[in-house]
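Please look over the sequence and the structure before reading on.

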Amino acid sequence: MDLLNTLVDKGLRRELPTREEALAVLATSDDDLLDVVAAAGKVRRHWFGRRVKLNYLVNLKSGLCPEDCSYCSQRLGSKAEILKYTWLGPDEASQAAAAGVAGGAKRVCLVASGRGPTDRDVDRVAQTIAAVKEQNEGVEVCACLGLLSDGQAERLRGAGADAYNHNLNTSEATYGDITKTHTYADRVDTVQKAHAAGLSACSGLIAGMGESDDDLVDVVYALRELDADSVPVNFLIPFEGTPLAKEWNLTPQRCLRILAMTRFVCPDIEVRIAGGREVHLRSMQPLALNLANSIFLGDYLTSEGQAGQADLDMIADAGFEVEGADQVTLPKHRVDAAVAAAAGCGGHDAGGCGTHEGGGCGPCGSSETPAASSNEATAEANEARTDLVAVRRRGAGTDLAPNA
């Protein structure tokens, strides 16, 4: 296909595809799907080889969020029967993090539900970051606490945080359909605050909320423009008790096309398969490793993932390898740009993009249904696999061993 050859060439040069090309990837047929995966896989291997970065989530504070994000099990008014608990102490959080590090994770994501942290919350998280780093040498720490106020990103950076996650989730045009208690601009502002403070910016999307192909392209282009270092691609987990519980719009093939489009638009960025991969990709997860170079190990914030050992077996069986703590995730040109930015010598190269089903970092809407997708592939609803939506009952906030 001329389209795929063009996209591979552009990806190797870090050149932005046209909107028409990005939309064409989402419109490809199932007959062409393996060709699409192979083409995007060439771009992925060029920049990241066969390495897979493992990330591990620690939910510091679960449930009871005042925001109304439609997709989120922790939202205001949620009837989802999830774990609810207040802040974990630094030692408890560090012990949870250690399980993920022992399983091969090189980044720990510290997440808390809520609109955003108070200054006291930032102090609390700073203590947790110190404990995690003291007990887990060389680990990266990403904080995910919601909307940031002035100066808070700098304080987190000073406490040792390496990155900050705050997802855009969907396009600016449809953001008001999923959330009323804050705006798309609020989210962009927080990503920019993190970037300006010298934190690695992590920001992604949620697919499967009824968005159109144009919405998907819009949000991925916006992430590239924001120059995030990593882009988590979440697939909606339709929790019972949330407004989007009936939104089963995704097929494994649709998920692969979304990941491929993201890779073509963000060729040299850490693209992460995040929440919902077990629910929607299912047995196609190994194929998705040809598109993304990063996954979450084990469980998510309020839902359970597949067993941590199964994740490791999947990576090995698919011919990939776990990225070591001594390996640098991003290509050298992006690392050099980050160092220059931290030294006050300018920002990242233009062209960057770098979890979950709820929480300060994750997927956060209203009870209104988003616009229906214009893609014929999603016109027929996917079979509702409610059996695959398992509420987390182990790990942080419980007396049971974590899944890592």
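Which residues in helix 1 meet which residues in helix 2? L3, T6, L7 and K10 in helix 1 meet E21, A24 and V25 in helix 2, where contact means heavy atoms within 4.5 Å.

## Basis of the report

The model is predicted, and local features need pLDDT of at least 70, side-chain atom pairs count only at pLDDT 80 or more, while totals for chains, interfaces and linings use all residues. Residues are numbered from 1 along each chain as its sequence is written, and side-chain values use heavy atoms, with hydrogens and water left out.

## Helix 1 and helix 2

The contact of helix 1 with helix 2 divides into 4 nonpolar, 1 polar and 2 charged residues. Here Ala, Val, Leu, Ile, Met, Phe, Trp, Tyr, Cys and Pro count as nonpolar, Asp, Glu, Lys and Arg as charged, and the others, Gly among them, as polar. Helices (H or I, at least four residues) and strands (E, at least two) are DSSP runs, numbered from the N terminus.

Helix 1 (residues 2-12) and helix 2 (residues 19-26) pack at an angle of about 120 degrees, and their axes are 11 Å apart. That makes helix 1 oblique to helix 2; angles under 35 degrees count as roughly parallel, over 145 as roughly antiparallel, 65 to 115 as roughly perpendicular and the rest as oblique. Axes are lines fitted to C-alpha atoms, for helices over the stretch in contact, and angles run from 0 to 180 degrees between N-to-C directions.

## Helix 2 and helix 9

Helix 2 also packs with helix 9: their axes come within 10 Å and cross at roughly 125 degrees. The two helices are therefore oblique to each other. On the side of helix 2, R19, A22, L23 and L26 take part, and they meet D213, D214, L216, V217, D218 and Y221 in helix 9. The residues of this contact divide into 6 nonpolar, no polar and 4 charged.

T18 is in the loop between helix 1 and helix 2. With a relative accessible area of 33%, T18 is partly exposed; buried means under 20%, exposed over 50% and partly exposed in between (1.4 Å probe, protein chains only). Not counting residues up to four places away in sequence, T18 touches K10 and Y221. The C-alpha atoms of T18 and V265 are separated by 9.0 Å, although these residues are 247 residues apart along the chain.

R50 is in the loop between helix 3 (33-48) and strand 1 (51-61) and counts as partly exposed at 34% relative accessibility. Its C-alpha atom is separated by 7.6 Å from that of G319, 269 residues apart along the chain. Leaving aside neighbours within four places in sequence, the contacts of R50 include R44, R45 and G319.

## Positive phi angles

Most residues other than glycine have a negative phi. D227, which is not a glycine, has a positive phi of about 65 degrees. D227 is placed in the loop between helix 9 (213-225) and strand 7 (230-235), and is buried, with a relative accessible area of 9%.

R282, which is not a glycine either, has a positive phi of about 50 degrees. R282 lies in the loop between helix 11 (277-280) and helix 12 (285-288) and is partly exposed at 24% relative accessibility.
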